[in-house]
Amino acid sequence: MMISKDKVVTIDYSLTDEEGELIDSSVGEEPLIYLHGHHGIIPGLEQALAGRRAGDKLQVSIPPEEGYGDWDEDLVEVVGVEDFDDPEELEIGTQFETMTEEGSRLATVIDIEGDEITVDLNHPLAGMTLNFDVTVLEVRDANAEELAHGHVHGHGTHGEGH
């Protein structure tokens with residue numbers, strides 16, 4: 001069975017950056033399970049997996065525009081320390097979820113100066129070329145509930161891009 005729209009795909013993957021540093025891997029953990037054609041993973045990886053079958057191994061390099069987008073300076077904001085419940089726990093590198101006009105975003109503290117906290121709302125992988133080493137473990141038809149909801153239910157379903 002080939003990977004195409006509405007197939008449930010199970011993959012093992014390792015993700016490295018341009019320098020070959022390991023960013024994330026499912027190897028030895030739960031594999032990633034996603035519903036193909038429903039934006040459950042980044043576009044470049046979904047395109048690379050289309051037409052593949054269980055047992056296929058591939059290496060793919062994904063530019064930022066097909067991954068998490070380019071890094072956007074407009075998404076760096078300075079906010080006041082009064083906007084935080086526990087400002088004493090903040091340090092450079094602290095990440096937290098915040099609501100924006102575009103929905104929930106992951107924010108990273110990149111500078112603290114007195115009462116001013118500089119946060120970066122770009123995805124942590126924005127602006128990066130992403131190198132995936134992928135093994136397709138399983139391809140199956142989605143069931144009616146999965147199709148209705150546009151994603152897979154059950155364990156191992158942490159989809160990128162949610």
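Domain bounds here come from an automatic or database domain assignment. On that basis, the protein chain divides into domain 1, residues 2-68 + 126-149, and domain 2, residues 73-120. The C-alpha centres of domain 1 and domain 2 lie 30 Å apart.

Let me state the basis of the values. This is a predicted model, in which local features need pLDDT of at least 70, side-chain atom pairs count only at pLDDT 80 or more, and totals for chains, interfaces and linings use all residues. Residues are numbered from 1 along each chain as its sequence is written, and side-chain values use heavy atoms, with hydrogens and water left out.

I turn to the overall architecture. The protein chain has 2 helices and 9 strands; helices (H or I, at least four residues) and strands (E, at least two) are DSSP runs, numbered from the N terminus. Read from the N terminus, the order is β-β-β-α-β-β-β-β-β-β-α. Along its principal axes, the C-alpha trace spans about 60 × 35 × 30 Å.

An unreviewed UniProt entry carries the annotation "domain: PPIase FKBP-type" for residues 6-70. UniProt positions are given in the numbering used here, feature names are shortened, and annotations may be inferred rather than shown by experiment. Residues 6-70 are 11% helix and 37% strand, and their end C-alpha atoms lie 29 Å apart.

Next, the sheet. Four strands form an open, antiparallel sheet in the order E5-E8-E7-E6, where two strands pair if DSSP finds at least two bridges between them. E5 and E6 are the edge strands, each pairing on one side only. Neighbouring strands of this sheet are turned by 45° against each other on average, direction ignored; the axes are lines fitted to C-alpha atoms, for helices over the stretch in contact, and angles run from 0 to 180 degrees between N-to-C directions.

E5 pairs with E8 (residues 116-120) over 5 bridges, and Glu 77 has Val 119 in E8 as its bridge partner. E6 and E7 form a hairpin with 2 residues between them and pair over 6 bridges. Within this pairing, Met 99 stands opposite Ser 104 in E7.

Finally, the second largest pocket has a volume of about 180 Å³. On a 1 Å grid over the protein atoms alone, a pocket is an open set of points where a 1.4 Å probe fits, with protein on both sides within 12 Å along at least five of seven lines; lining residues have an atom within 4 Å of a point. Grid points are joined across faces, edges and corners, and a volume is the space filled by probe spheres set on the points.

Which residues are closest to the centre of this pocket? Of the 13 lining residues, they are Glu 77, Thr 98, Met 99, Thr 100 and Leu 121. Strands E5 (76-80), E6 (95-100) and E7 (103-113) each give two or more residues to the lining, and E6 provides the largest share, 4 residues.
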